[in-house]
Amino acid sequence: MSNATHTLDIASAIPSDHGSSKPSERDASNARSPLSALRKLAREPLLHFAVLGGLIFAGDRILHPPAKDDKVIVVTKAMRQSFIDNFDEDKERKPTEADIQKMIEAWVASEILYREGKALGVDRGDEMIRDRVAFKLQLLIFDQVRVPQPTDEQLQTWFAENHARFDAPERVGFFLTPATDQATAQQQLEDIRAQREAEDLRDQTRAILGRPVASLAGAFGQSFSDGLLKLPLGEWSLLQSKDGWHVVRLDSREAGTPAKFEDVRDDVAKMWHTEETRKQAWDAVTRLKANYKVRYEQ
């Protein structure tokens with residue numbers, strides 16, 4: 001609307017002692033002016049835009065209401081069950097309560113990092129999932145950690161507590177036929193001992209060299225690991241793993257040797273620095289966690 005229109009409407013509503021219009025004419029003019037103004041206002045494109053924007057905003061508030069409490073983290077029963085279901089792909093064992101709590105703590109920490117990272121705006125322009133944002137803030141936290149140089153006494157104390165990570169493990173070497181049923185494996189054993197085994201069985205027999213003893217139970221089962229270590233060297237025998245029955249020959253066994261601090265000092269210093277950095281970073285996350293309430297569904 002033009003300024004002239006506003007002027008005319010206002011002027012027609014102001015009484016004048018000098019006007020030539022009669023009282024009835026002024027009253028009619030006063031009645032028509034607001035209606036005329038409303039009609040003109042209704043034709044304004046800016047009004048249409050404002051009304052449409054208001055409707056869109058209201059709809060968005062209904063569909064996406066603001067979080068009631070962004071400092072509350074809910075660990076649902078379904079989420080807890082998913083941690084249990086995904087704990088071990090091989091289903092070798094079920095997680096203990098301590099295992100579940102560790103997984104929940106890790107997820108809660110990730111959720112906190114995500115929310116804090118989002119609050120800092122590190123997710124702007126990034127459409128990746130929540131873990132990507134949490135990882136970004138994690139990198140920022142790690143970048144702020146400053147770990148002082150350790151003393152020899154600190155390193156030696158840490159090495160004494162973690163020496164198994166540096167010790168040379170006990171190792172074994174053995175031959176292993178493919179898993180099958182017990183009767184078939186027994187026949188294969190007799191054929192091997194009589195040196196009449198089939199060519200395809202020789203081709204499928206695996207030579208496993210320098211395998212750490214500590215890894216046997218996870219790969220083949222505890223009973224297989226125990227049985228293998230009892231076998232005499234160079235003798236074909238029958239053993240059952242978690243996958244089935246095998247013909248096995250233990251060929252070598254090398255005892256583990258403890259590491260000396262002087263020989264692995266540099267590696268100890270690197271691992272100590274890594275763990276200390278992680279510890280300080282986790283402490284930073286724990287301080288952030290103090291601002292949140294974690295609620296568990298019953």
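**Notebook: salt bridges and a helix pair**

I began with Arg-249 and Asp-251, whose side chains meet in a salt bridge with 2.8 Å from N to O; the term stands for a side-chain nitrogen of Lys or Arg within 4 Å of a carboxyl oxygen of Asp or Glu. I note that this is a predicted model, in which local features need pLDDT of at least 70 and side-chain atom pairs count only at pLDDT 80 or more, while totals for chains, interfaces and linings use all residues. Residues are numbered from 1 along each chain as its sequence is written, and side-chain values use heavy atoms, with hydrogens and water left out.

I then looked up accessibility, where buried means under 20% relative accessible area, exposed means over 50%, and partly exposed lies in between (1.4 Å probe, protein chains only). Arg-249 is partly exposed at 22%, and Asp-251 is likewise listed as partly exposed, at 34%.

How many salt bridges does the rule give? I find that the count comes to 11.

My next entry is the salt bridge between the side chains of Glu-116 and Lys-71, at 3.5 Å from N to O. This pair links distant parts of the chain, since Glu-116 sits in helix α5 (residues 97–119) and Lys-71 in the loop between α3 (45–63) and β1 (72–75), 45 residues apart; helices (H or I, at least four residues) and strands (E, at least two) are DSSP runs, numbered from the N terminus. Is Glu-116 buried or exposed? I read that Glu-116 is buried, with a relative accessible area of 15%, whereas Lys-71 is partly exposed at 35%.

I turned to Arg-265 and Asp-152, which form a salt bridge with the closest N and O atoms 2.4 Å apart. Here too distant parts of the chain are linked, with Arg-265 in helix α12 and Asp-152 in helix α7, 113 residues apart. Arg-265 counts as partly exposed at 29% relative accessibility, and Asp-152 counts as partly exposed at 39%.

Last, I looked at these two helices: the axes of α7 (residues 152–161) and α12 (residues 261–289) come within 9 Å and cross at roughly 90°. The axes are lines fitted to C-alpha atoms, for helices over the stretch in contact, and angles run from 0 to 180 degrees between N-to-C directions. The two helices are therefore roughly perpendicular to each other, a term for angles of 65 to 115 degrees. Their contact (heavy atoms within 4.5 Å) includes Asp-152 and Trp-158 of α7 and Arg-265 and Trp-272 of α12.

Conventions. Angles under 35 degrees count as roughly parallel, over 145 as roughly antiparallel, 65 to 115 as roughly perpendicular and the rest as oblique.
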